[in-house]
Amino acid sequence: MILVNFSHPLSADQMKQLQALLGVPIDRVVEVHSQIEPDQPLAPQVAAMVDQAGLTLEEWQNAPIIVNPPSLNFSAVLLIAELHGRMGYFPACVRLRPVNGAIPPRFEVAEVLNLQSQRDAARRRRN
């Protein structure tokens, strides 16, 4: 599995949690800088972020990939659209949540969001 991380680097504990949820090892982590220039159009910046991942067209379409999206909501929604265009389906995404009462604040892996499954279920609810 390839983790394409558009957010803060995951800790060793978070990686263990994620691999336990996935049931497979993460063989490769691709870290992508996702800070944007707010005064510039966002879509080209997000496309450039995806380019920075350095994956081939074949990898985007065929490799097992999970995505940790950026925290900025507008970047995240454009990223999902860009990835769907390159992959041909919606990627699975990591959802982190704060650990209650942790000092200093820290986050844990909450779940893996299967966006394609969510989309397919929504299509069935249309009928």
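User: Is Phe74 buried or exposed?
Analyst: This is a predicted model, in which local features need pLDDT of at least 70 and side-chain atom pairs count only at pLDDT 80 or more, while totals for chains, interfaces and linings use all residues. Residues are numbered from 1 along each chain as its sequence is written, and side-chain values use heavy atoms, with hydrogens and water left out. Buried means under 20% relative accessible area, exposed over 50%, and partly exposed in between (1.4 Å probe, protein chains only). Because its relative accessibility is 54%, Phe74 counts as exposed.

User: In which helix does Phe74 lie?
Analyst: Helices are DSSP runs of H or I with at least four residues, and strands are runs of E with at least two, numbered from the N terminus. Phe74 belongs to the run of residues 73–87, which is helix 4.

User: Is Pro70 buried or exposed?
Analyst: Pro70 is located in the loop between strand 3 (65–68) and helix 4. Among the residues it touches, beyond those up to four places away in sequence, are Phe6, Ser34 and Leu79; contact means heavy atoms within 4.5 Å. Since its relative accessible area is 8%, Pro70 is buried.

User: Which residue meets Asp51 in a salt bridge?
Analyst: A salt bridge is a side-chain nitrogen of Lys or Arg within 4 Å of a carboxyl oxygen of Asp or Glu. Side chains of opposite charge can pair when their charged atoms come close. For Asp51, the N to O distance is 2.8 Å, and the partner is Arg86.

User: How many residues apart are Asp51 and Arg86?
Analyst: The salt bridge between Asp51 and Arg86 links distant parts of the chain, with Asp51 in helix 2 (residues 42–52) and Arg86 in helix 4.

User: How many salt bridges does the structure hold?
Analyst: One of them joins Arg97 and Glu108, with closest N and O atoms 2.8 Å apart. Another is formed by the side chains of Arg119 and Asp120, at 3.4 Å. The number of salt bridges in the structure is 6.
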